[in-house]
Amino acid sequence: MTLRWRLTLLVTVILTLTFLVLGSLVYILMGRYLTSAIDRSLAFRAKEVISSIKVESNFLRQQRITLPDVNVFAAPDIFLQVVDSEGFVVTRSSNLGRQTLPVGPQTLIQAHQGIDFFTTESIDNYPLRIYNVPLMLKGQPVGILQVARLLSPVKKTLSDLRRVLIFLGLVAVLIATILGYILARAALRPIERLTQVAAQIGEGRDLAQRVPYHGPMDEIGRLAATFNAMLGRLQRAYTRLEEAYSAQRRFVADASHELRTPLTTIRGNIDLLRKMKGADMATQEEALADIASEAERMSRLVNDLLTLARADAGLEIKREPLEIAGLLQEIVRQAPLLGEATFTARGLESLTGQQVLGNRDYLKQLLFILLDNAFKYTPAGGRIELAAAVEHEKLIIQVKDTGPGIAPEDLEHIFERFYRADATRSSGGTGLGLAIARWIVEQHQGEIKVESRVGEGTTFMVILPLLKAI
């Protein structure tokens, strides 16, 4: 059974139960009201009869009750009867014919207690409502006045009411079923659209689709909004996944290209050595030197690839409080060995006592990547400067060179893996160093920036948060 029909059935059942309860309540209250109206009319007629009764005394001063003509108080549907204390009929209205109103033992017992009461009896299958009033003389019951009325009109009225209620109930249930189906269909229409959109997305993989909902922000509205938000997140995740796959394909292709060159050189030199058995030692040394150089280059490339693979796998660098001044002084001592350009450092004295939460080895690798690039692309006679400063509780390290600079269209790509700006700045490297540098900076909750002008040089800026001064 569909949700639409379940909702329709639920509405129908609830309305049916509600109508049954209300109809039963109306039926019961109407029966009590009509019975109460009959009881009031009987009590009023009994009061009239009793007010006409006379108590007389004879010459022996004995009192007796003189009854009025009960036919005066009778009516087509009202019957009167008077019985003595033993239950024998004293008088009765003529409209009773040969019938008498029933007087049972319980009626006599209650009458002897001086209590007036109502009973419902039946004569020849005709229901009667009887009002029994004790007749008292000197405080003692001497008889019972019975005033009765047929209940047939009440029964007929209740029967007609029952039929009307049943008819109205069936009509109401039918209308409720139709309206429930229509309302359920209208309420579930956005869910149907959700299902259709989900099916279309599943078939066409079009995550750009959204559910067109313009109604109030009720449960259906929140469902549509949540579904659209989920589609947005899926679209972004799918886009990132596609970009990751594309980057992975480029990564594999570039890595294969980078590895193929040294392997080709190594194989060529090995073949050369095999063919040149007995050649002079100088030629063999050159071939072996080429093999060693390419093997070293390949080793660096493999190490860089391993570092980036660990980064992609979610490796988190372990950090601890580190005094930055000592690390930079060590780097300054070793940096001149990287090339022939003039190297200077400034601002290290301002770092005394300053600490960062970092990893000594990875921070050293980061700075050597930047310095190695600076020395590599700065010709002899050029200048390279490492500057350090503290601003707003942040450590700022700059590596400046006077090399050829980087073109503006290349600046936004230099941190990508295997990206090469031009032949001048890309010779001799693997194209992975700056990608590793950016990952190290991000792991230290910092940021790295670059500024460059063609023909004037390049400046890399590393910004790291400081812990606190010692």
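On the surface, a nonpolar patch with about 930 Å² of accessible area together is formed by Val164, Phe167, Leu168, Val171, Leu174, Ile175, Ile178, Leu179, Ile182 and Leu183. Such patches are made of residues with over 30% relative accessible area and no salt bridge, with nonpolar side chains (Val, Leu, Ile, Met, Phe, Trp, Tyr) joined within 5 Å and like charges within 9 Å; a salt bridge is a side-chain nitrogen of Lys or Arg within 4 Å of a carboxyl oxygen of Asp or Glu. Accessible areas come from the Shrake-Rupley method with a 1.4 Å probe, and for residues only the protein chains shown count as cover.

The model is predicted, and local features need pLDDT of at least 70, side-chain atom pairs count only at pLDDT 80 or more, while totals for chains, interfaces and linings use all residues. Residues are numbered from 1 along each chain as its sequence is written, and side-chain values use heavy atoms, with hydrogens and water left out.

Leu183, one of the patch residues, is found in helix α3 (residues 152-204), and with a relative accessible area of 59% Leu183 is exposed (exposed means over 50%, buried under 20%, partly exposed in between). Helices (H or I, at least four residues) and strands (E, at least two) are DSSP runs, numbered from the N terminus.

An open sheet of 5 strands runs in the order β4-β3-β7-β6-β5 with antiparallel pairing, where two strands pair if DSSP finds at least two bridges between them. Because β4 (89-92) and β5 each have a single partner strand, they stand at the edges, and one side of each is left without a neighbour in the sheet. Within the sheet, β6 and strand β7 (residues 140-150) pair in the antiparallel sense over 10 bridges, and Ile130 stands opposite Ala148 in β7.

The whole structure holds 5 aromatic pairs, counted when ring centres of Phe, Tyr or Trp (its six-membered ring) lie within 6.5 Å, with planes under 30 degrees apart called stacked, over 60 edge-to-face and the rest tilted. Two of them are set out here.

| Pair | Centres apart | Planes | Class |
|---|---|---|---|
| Phe118 and Tyr131 | 4.4 Å | 25 degrees | stacked |
| Phe343 and Phe375 | 6.1 Å | 35 degrees | tilted |

Phe118 is partly exposed at 30% relative accessible area, whereas Tyr131 counts as buried at 9%.

Terms used:
Buried < 20%, exposed > 50% of the residue type's maximum accessible area, 1.4 Å probe, protein only.
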